Amino acid sequence: MISLLLRDLRLAMRAGGGFGLGLSFFLIVTVLVPFGVGPGSALLAKIAPGILWLGALLACLLSLDRIFALDWEDGSLDLLATSPLPMEGVVTVKALAHWLTTGLPLCIASPVFALLLSLPPEGYQWLILSLVLGTPALSVIGTFGAALTVGLKRGGLLLSLLVLPLYVPTLIFGAEVARRGAEGLATTTPILMLAGISAGTIALLPFASALVLRVNLR
Amino acid sequence: MTLTVKDLTISRGGIPVLEGLNFSLEPGHALILRGPNGVGKTTLLRTVAGLQPPVMGEVHAAPESFAYAAHSDGLKATLSVSENLHFWADVFGTKGIQHALDGFDLNALADRPAGALSAGQKRRLGLARLLVTGRPVWILDEPTVSLDVASVELFANAVRAHLAEGGAALIATHIDLGLDAEVLDVGPFRAKPKSGTGGFDGLDESFL
Amino acid sequence: MNLNALWEYANPVKFSRTVSLVLPWVSVLALVSLVVGLVWGFFFTPDDYRQGSTVKIIFLHVPSAMMAISAWFMMLVTSLIWLIRRHHVSALAAKAAAPIGIVMTLIALATGAIWGQPMWGTWWAWDPRLTSFLILFLFYLGYVALWEAIENPDTAADLTAVLCIVGSVFAFLSRYAVNFWNQGLHQGASLSLDKEENVADVFSTPLYVCIAGFVLLFVALVFLRTRTEIHKRRTKALLARERLG
């Protein structure tokens, strides 16, 4: 399993932009927003948590179809399915690799983007906390969507259509943590909900992902 | 007995293609599958390898005894030849890739990225992967595609060595590998249309 | 009653035959109860003292909203049956129900907007219930799109069944998330849609007739569409047999 994780990370690095692509997309969204809504820092500060969460979500979505597509095309998935690794382990590792290459860099870089959007400084910790808690769920849910659509010719668009509704609860609670934190309100409930969603999806969804992946391989 | 197939019926896209297949494979033996294109050899191999469920019948084998190799080799273009082999060795929990490099004459290419290999060299690397799996039963789907004569000989030698060590191989191929192996023509096992709905609950036949 | 006898209808041929017998009756009953319920509701109930005649859209809005949720629930049950017992009819019934669920959701959303305009002065508000229906609509779209995208019918049935189950969990979560989120946005329940509680007796009887009509209409449409799907699969099987034979 560790070898699979290391291989995926190595592939992401060698392919160039494996780590950078999501971050650049996040940056572009952040830069474009003020052009769209105006430069007033009061408005930007108000919408910053939501924009940053949407940006993280879309950056995550952008790289989902690559989770299984390459391994499907070159036959690696068939070989992995006949290997000693359990399929549940394979999808978990895939989700983890996706999070390490997309979610984690976003969490680390988010204060810079928050700065660009004039988020009040007391909101930074809450933004980072919400992303750290929420982005693993985004990766795991996205892996499920990628497993559903692997091998489909027009999989990309369908993948977004399938995954985005599943992202709703994570987005709501994640953005709510960041927003309430920035406004100095109580954040305990949304933090617990967000952590619960992440824990639940990480624990259960790999079984569904492995099931649909096996169906797609036959 | 390494592998026993009993009264196997297999389907492709909800339609049965082969039925009533019975064969077995003992350690040290190879079985060559023949039959016209599209008859269902690939489907049969995938079913035996456990990638898809049979419609009826059983495949008996020790758990985790198969190494499967099909048309695509599962290589990563940006990884070197030895990195590709090391990865599969790690996945299958075996040590060392030197014998695989030797067996398929890949030593000179070991540090070359797999993406820079020719089609035949890629195939050799794909087949070398079989050696690092350490699995006793090889299931091979047209293994000699894009191999030149010398490489086919390398491959045949690898199979012979594998059989001599007590391994077994189930191979779908059209060329003569010069192996001492039984040949099974799957053509006569083509599934015949059924009348009525008897027993085909998992298939489109149940709609008739 | 022997419950096992129910599984006999999992046989596509038997199901088709039974549907052909039952369908005309269900259709007629659906038509009658819809006509009776709607005419009664629209023309023979008094105007509400506060909402005027606008309130009468309730006879379309409430039943369609109920069916939008019930259709998804039915898909969940049939998906589970397919995954556990592999009965084709079950998977095809789920496939057949989804577009009907979409239409019901759309009717509920549209009538809600038409009702909301004069009552709240806006066509759309991010009220928790409205938002939940919009999310449900998205789930339906994804489900139908996945069915359409996959060629192999058994693969499609498996994948959509898993999506339906996972989607149900997330739809449920979304419902609570949306409740939480909206509370955070604007306080107070000025746009609450809990009208079942306010419904007076004069309205309730025709409303029940309308609901019965919608249920029967749904059943009739699911029967019809499932039979069509079965016929499609039969055609495919016959063509395949011809190729083989």
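In chain B, helix α1 is followed by G50(B), which has a positive phi, near 85°. I start there as a way into chain B. Please keep in mind that what you see is a predicted model.

The buried ones are K41(B), T43(B), L44(B), L45(B), R46(B), T47(B) and V48(B). What do they pack against? Strands of chain B: β1 (3–12), β2 (15–25), β3 (30–34), β4 (56–61), β6 (137–141) and β7 (168–172). Note that K41(B) and R46(B) are on the buried list along with L44(B), L45(B) and V48(B).

Now chain B as a whole. It has 5 helices and 8 strands. Reading from the N terminus, the order is β-β-β-α-β-β-α-α-α-β-α-β-β. The radius of gyration is 18 Å, close to the 17 Å that the globule rule gives for 208 residues, so chain B is as compact as a globular protein of that length. The C-alpha trace spans about 60 × 35 × 30 Å along its principal axes. Of the 208 residues in chain B, 45% are buried. Take the contacts in chain B between residues at least 6 apart in sequence: 75% of them join residues at least 24 apart.

K76(B) sits in the loop between β5 (66–69) and α2 (81–91). Is K76(B) buried or exposed? A residue needs 20 or more other C-beta atoms within 10 Å to be called buried. K76(B) has 22 C-beta neighbours inside 10 Å, so it counts as buried. Setting aside neighbours within four places in sequence, K76(B) is in contact with N84(B) and A114(B), and also with L11(A) from chain A. P113(B) is 37 residues from K76(B) in sequence, and their C-alpha atoms are 8.4 Å apart.

With 18 other C-beta atoms within 10 Å, E142(B) is partly exposed. S146(B) is found in the loop between β6 and α5 as well. Its phi is near 65°, again a positive value in a residue other than glycine. S146(B) has 13 C-beta neighbours inside 10 Å and therefore counts as partly exposed.

On to chain C, and a pair of helices. Two packed helices are described by the angle between their axes and the distance between the axes. Here the pair is α3 (residues 88–120) and α4 (residues 128–149) of chain C, with axes that come within 9 Å and cross at roughly 150°. An angle over 145 degrees counts as roughly antiparallel. So α3(C) and α4(C) are roughly antiparallel to each other. The crossing of α3(C) past α4(C) is left-handed.

Which residues meet? From α3(C) they are K95(C), A98(C), P99(C), G101(C), I102(C), T105(C), A108(C), L109(C) and G112(C). From α4(C) they are L130(C), F133(C), L134(C), L136(C), F137(C), Y140(C), Y143(C), V144(C) and W147(C). By class, that contact has 14 nonpolar, 3 polar and 1 charged residues.

Also in chain C is I165(C), in helix α5, residues 153–185. It has 15 C-beta neighbours inside 10 Å and so counts as partly exposed. Not counting residues up to four places away in sequence, I165(C) touches L76(C), S79(C) and L80(C). One of these, L76(C), is 89 residues from I165(C) in sequence, while the C-alpha atoms are 6.1 Å apart.

Last, where chain A meets chain C. Here 20 residues of chain A are in contact with 22 residues of chain C. On the chain A side, α7 (124–149), α8 (155–182) and α9 (188–217) each supply at least two residues. The largest share, 10 residues, comes from α8(A). How does that side of chain A divide by class? It has 17 nonpolar, 1 polar and 2 charged residues.

Key
Residues numbered from 1 in each chain as written. Chains lettered and ligands numbered in written order. Predicted model: local features only at pLDDT ≥ 70, side-chain atom pairs only at ≥ 80, totals over all residues. Axes fitted to C-alpha atoms, helices over the stretch in contact; angles between N-to-C directions. Helix = DSSP H or I, 4+ residues; strand = E, 2+ residues; numbered from the N terminus. Parallel < 35°, antiparallel > 145°, perpendicular 65-115°, else oblique. Left-handed = near helix turned anticlockwise from the far one by under 90°. Contact = placed C-beta atoms within 7 Å. Nonpolar A, V, L, I, M, F, W, Y, C, P; charged D, E, K, R; others polar. Buried ≥ 20, exposed ≤ 12 C-beta atoms within 10 Å, placed from the backbone. Rg over C-alpha atoms; globule rule 2.2 N^0.38 Å.
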